[in-house]
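Biologist: I have not looked at this one before. Can we go through the model together?

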Amino acid sequence: MMWAAVTEHRAILGEGPFWDEPTQALYWVDIAGKQALRLIGANVQIWQMPEHVSAFIPTQSGDALVTLSSGVYRLDLDSPGLEPNLKLLCMADPRPGNRANEARCDALGQLWLGTMQNNIGENAEDLPIEGRFGGLFRIGADGRVMPLLRDRGIPNTLLWSPDGTTVYFGESLDGTLYRHFIYPDGSLAPAEVWFGPHPRGGPDGSAMDARGYVWNARWDGSCLLRLNPQGQVDRVIELPVSRPTSCVFGGEDLKTLYITSAASPLNHPLDGAVLSMRVDVPGVACTRFAG
């Protein structure tokens, strides 16, 4: 597969890619760089956030959500990049010392947000993770928060089965992708191991294609793993970056895979870039936040 860097921009910790079909725009973040980025055509817009930001998701109302350390905020997309206009939607996880990490919207436009102990210093240096202090929360269009899971370490990957009855949720401290049945009242059944530790790096973010296969970015693994619905490796996609962090399907036909990445001690030239590659199967479209 042929890949290309979509911009010259390099992130410290690129994450959270979102493809907005109505505007043909790619949204992503640099968590450690405190930046929310949007690419339309060849034009990159950057909003500088006051805190670490883990996701940047457009809404049905025409603005966007940004998941910051202190809460989930609405961002006015017409506000200037150096003075973004932010309005608090909710504080999903009020525990001091935690920050947002993985965040995605389900097919109903509800935001699912995983949180963790902050592991990034003010100068973007790594801080030790001392415990599983995070959780998983679901946020409705009205901003109401439903806690779903506690005692999470590094939450990664949020995907749903085609029928919406199962959520796939990663725990990077375990090197494992789990699945949970979603009860009719919205609560989650106990975790089942869906895909365990693998020698090619640890599990980070993922995307799902139209056949129900999961494309999982492998931190420190320089690859994506394509996993079949039974949780078995179907394909290994080699990448020119050390730390791919997540991916999303985009383009007019949803057959362009966009891959975010992070800087690494290996200093590969493309570490921190957003890569794109054409693939042979379309992906599942992203859903805007319903509020």
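Biologist: What is the source of the model, and how are residues numbered?

Modeller: This is a predicted model, in which local features need pLDDT of at least 70 and side-chain atom pairs count only at pLDDT 80 or more, while totals for chains, interfaces and linings use all residues. Residues are numbered from 1 along each chain as its sequence is written, and side-chain values use heavy atoms, with hydrogens and water left out.

Biologist: Back to Asp-151. What is its phi?

Modeller: Phi of Asp-151 is near 55°, a positive value in a residue other than glycine. Most residues other than glycine have a negative phi.

Biologist: Is Asp-151 buried or exposed?

Modeller: Asp-151 is exposed, at a relative accessible area of 53%. Buried means under 20%, exposed over 50%, and partly exposed in between, using a 1.4 Å probe and protein chains only.

Biologist: Where is Ser-222, and what is its phi?

Modeller: Ser-222 is in the loop between β19 (214-219) and β20 (223-227). Its phi is near 55°, again positive in a residue other than glycine.

Biologist: What does Met-146 touch?

Modeller: Met-146 also lies in strand β13. Leaving out residues up to four places away in sequence, it touches Leu-136, Phe-137, Arg-138, Asp-185, Gly-186 and Ser-187; a contact means heavy atoms within 4.5 Å. Met-146 is partly exposed, with a relative accessible area of 30%.

Biologist: New topic. How many helices and strands are there in the protein?

Modeller: The protein has 0 helices and 24 strands. Its radius of gyration is 17 Å, close to the 19 Å that the globule rule gives for 291 residues, so the protein is as compact as a globular protein of that length. That radius is taken over C-alpha atoms, and the rule is 2.2 Å times the number of residues to the power 0.38.

Biologist: What share of the residues is buried?

Modeller: Of the 291 residues, 58% count as buried.

Biologist: Which domain does UniProt list?

Modeller: An unreviewed UniProt entry lists "domain: SMP-30/Gluconolactonase/LRE-like region" for residues 13-262. Over residues 13-262 the chain is 0% helix and 54% strand, with the end C-alpha atoms 4 Å apart.

How values were computed. Helices (H or I, at least four residues) and strands (E, at least two) are DSSP runs, numbered from the N terminus. UniProt positions are given in the numbering used here, feature names are shortened, and annotations may be inferred rather than shown by experiment.
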